[in-house]
Every structure is written in C-alpha cells, then in structure tokens.
Amino acid sequence: MMKSEMTIDRGKGNIDLLLASSFKEIAAQKPIEKITIKEITDMAGVIRPTFYNHFQDKYELLEWIVKEELIFPMKPLIKEKHIKEAVTDSMNVMLSEKVFYTNANKLSGQNSFREILFMAVKELLLSFIEKEEFEKSIPYKWLTADVLASFISEWVCYAITQWIDGGMKIPVDEIVGTFIYISYHSILELMVPSID
C-alpha cells in the first residue's frame, strides 16, 4: 500500500526513513543493482525530486542505511567501552534484516556493500583514535591512524561479508567472541601455540 505524500511528515529525517524503508522492502524482492529510483519513490508515495533532495542515488541511500542502522548506534556504546555490546547489537540488526543485507552484500564494484561498510567502519574507528597520541607512540611514520583504521576495517569487513555469504549461520555471539579474541591476542600468539 502506497503512502500518500500529503499525509507524511515532510521532515528530512522522516523522508529519509520512508525512502530507506521502501528501498529495503524492494531489495527483499529483487537485486539492488536493478532497483530504480522510480520504484523507491513509488513505494514511498513521494515524487522523484523528493528522493534527489535527500540522496544522490540509491548507493548513497544504502550508505545512509548502513550508518543509521549499524554504525551510529555503536558510538555511545563504544564511548562507554562496551565494545562487545556495540558489535553484537549491530550484527543482530543485520541478522534481523537478513534478506536485505544478504542482497546488499551481493553488490560488487565501487558502490559495493563491502566498500560502503569499510568506509563507515573506518570513519567510526578514526572518530575514537587519538591521532596525535597514537602517532607519537608508534616508531614507524608510515603507521598512521588512517593506516591502522584501514587495516582493522579490512579485517572486520572481510569477516562480516564472509558471515553474510555463509548465510549468517554462525551465531552472532560466536562471531563477536572471535573479534574480541583476535583483538586481545597478538598474531604470534594466534599462529604459534604456547610452549610449556
């Protein structure tokens, strides 16, 4: 059932949510690369110019969804050092929207879900790294906060996209536990069993 443009609140946030909801509903039925802006606006009950007042294209809308659903809710938890809860909540959102995130994960190329997720995670990490302090404490000039954030983002995005590709069958607690375990152990500890 289409929503009448006359009956919705025209606030930017509400329109963004309406467009995102319509996009996700359509994405549950067909590949994202085949979704048109007209389909999104028709489902939302708004005119095409309304979409372009909010987003450049459907990939920018996908980026907005990733940030709104997965990234921004993590910030207050991370700030309070509740990393496990932040990651768990985010992955549970993906699990609850399994069809959408599975279809999103099929996107490849420059506007891929993986690329969008990578940039969002990197941005999140950089917002918490004290750049100057970090770079003062590292003896290698090439190892900047940006490089570290990119490295961690690559690892996180690889694990998440593999989890999605596998049908999200591994329990969220197990994936998050793996993240935590790897984060608190050095590569040498993980590669070489301890010798007693």
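Helix 4 and helix 8 are oblique to each other, a class left for angles that are not under 35 degrees (roughly parallel), over 145 (roughly antiparallel) or 65 to 115 (roughly perpendicular). The model is predicted: local features need pLDDT of at least 70, side-chain atom pairs count only at pLDDT 80 or more, and totals for chains, interfaces and linings use all residues. Residues are numbered from 1 along each chain as its sequence is written, and side-chain values use heavy atoms, with hydrogens and water left out.

**Overall build**
- The protein chain has 12 helices and zero strands; helices (H or I, at least four residues) and strands (E, at least two) are DSSP runs, numbered from the N terminus.
- The C-alpha trace spans about 70 × 40 × 30 Å along its principal axes.
- Of the 196 residues, 38% are buried; buried means under 20% relative accessible area, exposed over 50%, partly exposed in between (1.4 Å probe, protein chains only).

**Helix packing**
- Helix 4 (residues 58–71) packs on helix 8 (residues 113–128) at about 45 degrees, with the axes 10 Å apart.
- Axes are lines fitted to C-alpha atoms, for helices over the stretch in contact, and angles run from 0 to 180 degrees between N-to-C directions.

**Salt bridges**
- The structure holds nine salt bridges, each a side-chain nitrogen of Lys or Arg within 4 Å of a carboxyl oxygen of Asp or Glu.
- Lys24, Glu69 and Glu97 form a salt-bridge network.
- Glu69 meets Lys24 at 2.2 Å, N to O. This pair joins helix 4 to helix 1 (residues 12–27), 45 residues apart.
- Lys24 counts as buried, at 13% relative accessibility.
- Glu97 meets Lys24 at 3.3 Å, N to O. Glu97 lies in the loop between helix 6 (83–96) and helix 7 (98–105), so its pairing with Lys24 in helix 1 ties together parts 73 residues apart in sequence.
- Glu97 is partly exposed at 28%.
- Arg114 bridges to Glu154, with the closest N and O atoms 3.2 Å apart. The pair links helix 8 to helix 10 (residues 145–165), 40 residues apart.
- Arg114 is partly exposed at 27%, and Glu154 is partly exposed at 38%.

**Nonpolar surface**
- Ile187, Leu188, Met191 and Val192 make a nonpolar surface patch of about 460 Å².
- Val192 sits in the segment after helix 12 (187–191) and is partly exposed, at 45% relative accessibility.

Technical notes
Patch = residues over 30% accessible without salt bridge, like charges linked within 9 Å, V, L, I, M, F, W, Y side chains within 5 Å. Areas by Shrake-Rupley, 256 points an atom, 1.4 Å probe, with all protein chains shown as cover.
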